[in-house]
Amino acid sequence: MASLVKAPPTMSTINAHQVHLRKLKLLSNLNMHHGLRFPRIHVNHTTVCCTKLTPWEPSPVTYAPTIDASGNLLKKTSNIFETLKSEDTAEAPATNSEELTDTKNQSLVQFQFLKWPMWLLGPSLLLTTGMVPTLWLPLSSVFLGPNIASLLSLIGLDCIFNLGATLFLLMADSCSRSKNQAQTCNSKPPLSYKFWNMVATVSGFVIPLMALLGSQKGTLQPQLPFIPFAVLLGPYMLLLSVQILTELLTWHWQSPVWLVTPVVYESYRLLQLMRGLKLGAELGAPTWMLHMIRGLVSWWILILGVQLMSVAWFAGFAARSQQQHSPAASGG
């Protein structure tokens, strides 16, 4: 280690200035007496410095750089407290990250506890808003005749079901999400599924419209007025429009409930059409109207079966993809 060169207060200095004056006087006297000349002698004034320190004077201390646990060099400082402070600041991020991880784990556990009641609450809402009014509520208390009041009462029942179905789908979407909120869960339906589903829905919407136009033009006899027709199939067509809108939103948001949405609405649609058959018998609806409602019941049972086959296919596809990823993960 290089030592500092420092001039201590006990430094010994030799000055030859007085000696030089005396020599000059002596030489001048000699020149005067003997007539001789001597060259001038130039003497440099030198200062001798002693680098040896006194015993009571401490040597300067300099802290050398040290290596921390991560292999990084700490900055060289002239104060030991600054070095300790730098070590504390290096350990602080690790402590903060551990505390943040523990907080996230606790929040995930609490969030999972909140999800568990939804497995029972969601189906209970669907049963309460959909099946109970249709199965246990007397039809005479809702249907007052072929008028607008009866139409609004039936639409009100379907609106109650739509509210329960919306809450059920929201809970199902929340339960299908990953425990880790940082992971995205985007589920996109295949194009073939979208095409088939839209064809089935539009067909169920177009057939009653064609029957209404045929009745108004006199093609189908006997003719059915608009109000009785709206009482029988108006709520059906309105809820079918709501289903189309809901499915488009689930496809756009890539929600995992796109596979469950048609099953929920189509199951209730069968109850709607069976209710229409009862109301048609009370209204004395034409035979072609009753046959068309029976055909719609059969059509939607077929569509519901195809939807359930799609659910089974998607479950098998998910199992196969999981098996393919597991060997890759174990091999890696």
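Biologist: How far apart do the end C-alpha atoms of residues 116-136 lie?
Modeller: This is a predicted model, in which local features need pLDDT of at least 70, side-chain atom pairs count only at pLDDT 80 or more, and totals for chains, interfaces and linings use all residues. Residues are numbered from 1 along each chain as its sequence is written, and side-chain values use heavy atoms, with hydrogens and water left out. The span 116-136 is 90% helix and 0% strand, where helices (H or I, at least four residues) and strands (E, at least two) are DSSP runs numbered from the N terminus. Its end C-alpha atoms are separated by 29 Å.

Biologist: Which UniProt annotation covers residues 226-245?
Modeller: Over residues 226-245 the chain is 100% helix and 0% strand, with 25 Å between the end C-alpha atoms. UniProt positions are given in the numbering used here, feature names are shortened, and annotations may be inferred rather than shown by experiment. The unreviewed UniProt entry lists this span together with 116-136, 148-172, 193-214 and 297-319 as "transmembrane region".

Biologist: How many helices does the chain contain?
Modeller: Read along the sequence, the pattern is α-α-α-α-α-α-α-α. The chain has zero strands, and its helices number eight.

Biologist: Is α5 roughly parallel or roughly antiparallel to α6?
Modeller: The axes of α5 (residues 191-217) and α6 (residues 226-253) come within 11 Å and cross at roughly 160 degrees. Axes are lines fitted to C-alpha atoms, for helices over the stretch in contact, and angles run from 0 to 180 degrees between N-to-C directions. Angles under 35 degrees count as roughly parallel, over 145 as roughly antiparallel, 65 to 115 as roughly perpendicular and the rest as oblique. The relation of α5 to α6 is therefore roughly antiparallel.

Biologist: How many residues of the contact of α5 with α6 are nonpolar?
Modeller: Contact (heavy atoms within 4.5 Å) is made by residues including Met198, Phe205 and Leu212 of α5 and Phe229, Leu240 and Trp251 of α6. Ala, Val, Leu, Ile, Met, Phe, Trp, Tyr, Cys and Pro count as nonpolar, Asp, Glu, Lys and Arg as charged, and the others, Gly among them, as polar. With five polar and two charged residues set apart, the nonpolar residues number 14.

Biologist: Is the crossing of α4 and α7 left-handed or right-handed?
Modeller: Helix α4 (residues 148-176) packs against α7 at about 165 degrees, with the axes 11 Å apart, which means that the two are roughly antiparallel. A crossing is left-handed if the near helix is turned anticlockwise from the far one by less than a right angle, and right-handed if clockwise. The crossing of α4 and α7 is right-handed.

Biologist: Is glutamine 272 buried or exposed?
Modeller: Glutamine 272 lies in helix α7 (residues 261-283) and is among the residues of α7 that meet α4. Leaving aside neighbours within four places in sequence, glutamine 272 is in contact with Asp158, Pro235, Tyr236 and Leu239. Buried means under 20% relative accessible area, exposed over 50% and partly exposed in between (1.4 Å probe, protein chains only). Its relative accessible area is 4%, so glutamine 272 is buried.

Biologist: What is the phi of glutamine 254?
Modeller: Glutamine 254 lies in the loop between α6 and α7 and is partly exposed, with a relative accessible area of 25%. Although this residue is not a glycine, its phi is positive, at about 55 degrees.
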